[in-house]
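Let's take a walk through this structure together, one piece at a time. Have a look at the picture first, and then we'll start with the ligand and what surrounds it.

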Amino acid sequence: MPASRETIASAFNQRAGTYDGDDWHVRYAERLVELAAPTDGMRILDAATGTGFAAIAAARAAGPAGHVLGVDISDGMLTRARQSITSLGIATIDLIEADATALPDLADGAFDLILCSAGLLYLPVQTALREWRRLLKPGGLVGFSTMREGFPTAARLFREQAGRHGPTLDDPAGPLGTPSRCRRELHDAGLVPADIVTETIRFSRGDLAHAWQAHTQGAHHDALAALTPEQTETFRAEYTGTLADLLDSDEDGVLDAQVIYAFGRRPSHSEDPFRRI
Ligand SMILES: C[S@@+](CC[C@H](N)C(=O)[O-])C[C@H]1O[C@@H](n2cnc3c(N)ncnc32)[C@H](O)[C@@H]1O
């Protein structure tokens with residue numbers, strides 16, 4: 001069963017204090033913005049903005065005439081975003097606490113670009129993409145990032161070991177985890193698939209130091225609540241031990257994750273199959 005919005009918001013409220021300590025998050029978000037290549041004066045929506053990494057990079061690219069709206073359901077993450085934006089003195093970002101898949105107060109065609117970095121795995125994909133299609137100008141671009149199915153390796157290992165202790169955990173990257181699935185989802189939402197870029201992102205060793213905490217507090221892993229304290233402790237010792245061994249050798253490339261950056265465009269009026277006549 002997918003996690004509820006309340007569960008997701010509460011998981012990210014708990015993680016908000018340490019989220020920015022994982023250095024791959026910022027690199028992952030900034031790469032999405034780099035590939036989207038916002039230009040001066042653009043109006044940009046950063047859906048599931050979290051602590052604002054993509055919003056900040058996009059605001060810098062769009063310059064003083066541009067504007068970024070960051071939307072998230074976690075007030076803890078938004079508080080961190082607000083602190084960063086204030087300390088950087090950026091005046092062109094607004095933040096709202098809202099569900100990024102339903103923004104009825106925003107007008108059709110309000111944005112040139114909509115970004116969602118590392119967020120779609122928490123959202124109903126078609127509901128989100130269709131809402132963002134509505135919010136894009138004809139010809140506007142949506143770009144999102146996702147892990148390839150089975151990545152990151154440390155998360156796959158966590159699920160495999162959890163399975164031996166009881167709960168079966170699905171791969172949250174599964175639904176969007178290949179370029180063809182990304183293309184299909186964009187197409188089904190009435191968007192024209194554009195670039196789909198696959199790359200490898202390298203975690204630092206420090207990123208994986210939080211792996212147990214990130215996975216056990218993760219919004220996708222509430223099935224772990226069924227484990228007894230003894231089972232949890234056995235699992236924790238096994239997982240952190242295996243991960244430390246893999247990190248020592250790095251022979252399975254545990255630090256490398258394959259990621260996808262997918263882009264689609266809202267069709268122009270004349271080519272729009274969803275257009276009401
Ligand atoms: C992994 S974080 C990514 C944050 C940021 N985009 C980044 O790249 O670092 C996922 C974010 O999605 C947010 N989120 C999950 N469901 C959401 C929803 N329905 N509407 C808005 N934000 C949501 C969470 O609160 C969390 O901040």
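Before sorting any residues, here is the rule: Ala, Val, Leu, Ile, Met, Phe, Trp, Tyr, Cys and Pro count as nonpolar, Asp, Glu, Lys and Arg count as charged, and the others, with Gly among them, count as polar. Keep in mind, too, that what you're looking at is a predicted model.

With that rule in hand, turn to the shell around the ligand: its residues split into 13 nonpolar, four polar and three charged. There are 20 residues around the ligand, and the ones that come nearest are Tyr19, Ala48, Asp72, Ala100 and Ser117. Which helix gives the largest share of this shell? That's helix H1, residues 5–19, with four residues.

Now zoom in on some of the contacts. Asp72 has a polar side-chain atom 2.6 Å from an oxygen atom of the ligand. Ser117 also uses its side chain, where an N or O atom sits 2.8 Å from a ligand oxygen. Ala48 brings in its backbone instead: a polar atom there is 2.7 Å from a nitrogen atom of the ligand. And how much of the ligand does the protein bury? On its own the ligand exposes 590 Å², and 98% of that is buried by the protein.

Stay with Ala48 for a moment. You'll find it in the loop between strand S1 (43–47) and helix H3 (53–62). Its phi is positive, at about 60°, even though Ala48 isn't a glycine. Most residues other than glycine have a negative phi, and most peptide bonds are trans. Pro152 lies in the loop between S5 and helix H6 (153–165).

Strand S1 and strand S5 both belong to an open sheet of seven strands, ordered S3-S2-S1-S4-S5-S7-S6, with mixed pairing. At the edges are S3 (93–97) and S6 (192–202), each pairing on one side only. Going from one strand to the next, the twist averages 15°.

Helix H7 (residues 179–188) packs on this sheet, where it touches S5, S6 and S7, and its direction makes about 145° with that of S6. Two of those strands, S5 (residues 136–147) and S7 (residues 256–265), run antiparallel and are joined by seven bridges. To spot this pairing on the model, find Phe144, which stands opposite Ala262 in S7.

Key. Residues numbered from 1 in each chain as written. Predicted model: local features only at pLDDT ≥ 70, side-chain atom pairs only at ≥ 80, totals over all residues. Heavy atoms only, no water. Pairing = 2+ DSSP bridges. Helix = DSSP H or I, 4+ residues; strand = E, 2+ residues; numbered from the N terminus. Axes fitted to C-alpha atoms, helices over the stretch in contact; angles between N-to-C directions. Contact = heavy atoms within 4.5 Å. Near = heavy atom within 4 Å. Polar contact = N/O pair within 3.5 Å; in protein donor to acceptor, adjacent residues only side chain to side chain. Areas by Shrake-Rupley, 256 points an atom, 1.4 Å probe, with all protein chains shown as cover.
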